[in-house]
Amino acid sequence: QAIIYKRETFTLVNQSELFAEDDYNFAGRPPLRGDFQYKCGDKLLNFSVINLHMKCCDSGLKRRQNAVKMLYNYLSNEIESGFKNFIVLGDWNDDLKDKEHEHCFHPFQSDDRFYFVNEPLVYDVSNATYPKEPYVSYLDHILVTKHMIPKFSASRTETLFIEDYMGGFSKYERYISDHRPVMLGFVPFH
């Protein structure tokens, strides 16, 4: 796991691997948490980014569901302790448009403190983050706390078609990934 950021814009305050001692449900890839500080003039924003890569495929559904329960409980405890600014992103290896019992998102979807900013994109197959037949799907998501980015704030979420700049998807897949990235842009101070 990695988090890439601009040092001149953001200060990394702390980093940790969540559930490093209990990472079975995360397929041996514990989520990476980076705590950041963003300063604009006299305004300061403290927030955390959690990067994850969930267990793949249908055989991993139970593990993804258990991993999400662990993450949900962790974030709930953090929020109750007073830290409310989270962005959780990465390869969830699950599609938001699947039936409730066929995906791992339920704890977050049933709690109004959280929302998936990319949810409107998942219903447009042209935005699929996994574009390969026969499994074209939207598996990469960005979950935010509503405190971090109010639901109706100025924000933009989109699938990035990096392969358009690399000479096609097969070249992108060979050198980078078989998943397209998702981007979130937002105005932190109103």
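Strand 8 (182-186) supplies five residues to the lining of the largest pocket, the largest share. Helices (H or I, at least four residues) and strands (E, at least two) are DSSP runs here, numbered from the N terminus. This is a predicted model, so to speak of conditions: local features need pLDDT of at least 70, side-chain atom pairs count only at pLDDT 80 or more, and totals for chains, interfaces and linings use all residues. Residues are numbered from 1 along each chain as its sequence is written, and side-chain values use heavy atoms, with hydrogens and water left out.Back to the lining. Strand 2 (32-40), strand 3 (43-53), strand 4 (86-91) and strand 6 (140-145) are, like strand 8, each the source of at least two of its residues. In total 35 residues line the largest pocket, and Ile3, Ile4, Val49, Leu89 and Val182 lie nearest its centre. A pocket, on a 1 Å grid over the protein atoms alone, is an open set of points where a 1.4 Å probe fits, with protein on both sides within 12 Å along at least five of seven lines; lining residues have an atom within 4 Å of a point. The volume of the largest pocket is about 1,200 Å³. Volume is the space filled by probe spheres set on the points, and grid points are joined across faces, edges and corners.

By class, 22 of the lining residues of the largest pocket are nonpolar, eight are polar and five are charged. Nonpolar covers Ala, Val, Leu, Ile, Met, Phe, Trp, Tyr, Cys and Pro; charged covers Asp, Glu, Lys and Arg; the others, Gly among them, are polar.

What is the volume of the second largest pocket? About 460 Å³. Its lining has 18 residues, with Cys57, Asp58, Asn93, Ser137 and Leu139 nearest the centre. The classes here are six nonpolar, four polar and eight charged.

Cys57 brings me to the cysteines. Cys57 forms a disulfide with Cys56, the sulfur atoms being 2.5 Å apart. The rule for a disulfide is a pair of cysteine sulfur atoms within 2.5 Å, and by that rule the count is one. The torsion about the S-S bond is about 55°, so the disulfide is right-handed. Both partners are partly exposed, Cys56 at 34% relative accessible area and Cys57 at 46%. For reference, buried means under 20% relative accessible area, exposed over 50%, and partly exposed in between, with a 1.4 Å probe and protein chains only.

Cys104 is buried, at 2%. Cys40, at 38%, is partly exposed.

Next, Asn118. Asn118 sits in the loop between strand 5 (114-116) and strand 6. Buried or exposed? Asn118 is buried, because its relative accessibility is 0%. Its side chain reaches the backbone nitrogen of Ile142 at 2.9 Å. Leaving aside neighbours within four places in sequence, Asn118 is in contact (heavy atoms within 4.5 Å) with Leu96, Tyr138, Asp140, His141, Ile142, Thr157 and Val182.

The peptide bond joining Glu133 and Pro134 is cis, with omega about 0°.

Two backbone angles deserve a mention. Phe19 has phi near 60°, a positive value in a residue other than glycine, and Ala27 also has a positive phi near 60°. Phe19 is in the loop between strand 1 (10-17) and strand 2, and Ala27 is placed in the loop between strand 1 and strand 2 too. Ala27 is partly exposed, at 24%.

Which residues does Leu75 touch, not counting those up to four places away in sequence? Ile50, Phe86, Val88, Phe108 and Phe114. Leu75 lies in helix 1 (residues 61-80) and is buried, with a relative accessible area of 0%. Between Leu75 and Thr145 there are 70 residues in sequence and 9.4 Å in space, C-alpha to C-alpha.

Last, Glu163, in the loop between strand 7 (155-159) and helix 3 (169-175). At 5% relative accessibility, Glu163 is buried. The side chains of Glu163 and Arg180 make a polar contact of 2.7 Å. A polar contact is a pair of N or O atoms within 3.5 Å; within protein, one must be able to donate a hydrogen and the other to accept it, and residues adjacent in sequence count only if both atoms are side-chain atoms. Besides Arg180, Glu163 touches Gly168, Phe169 and Tyr172, again not counting residues up to four places away.
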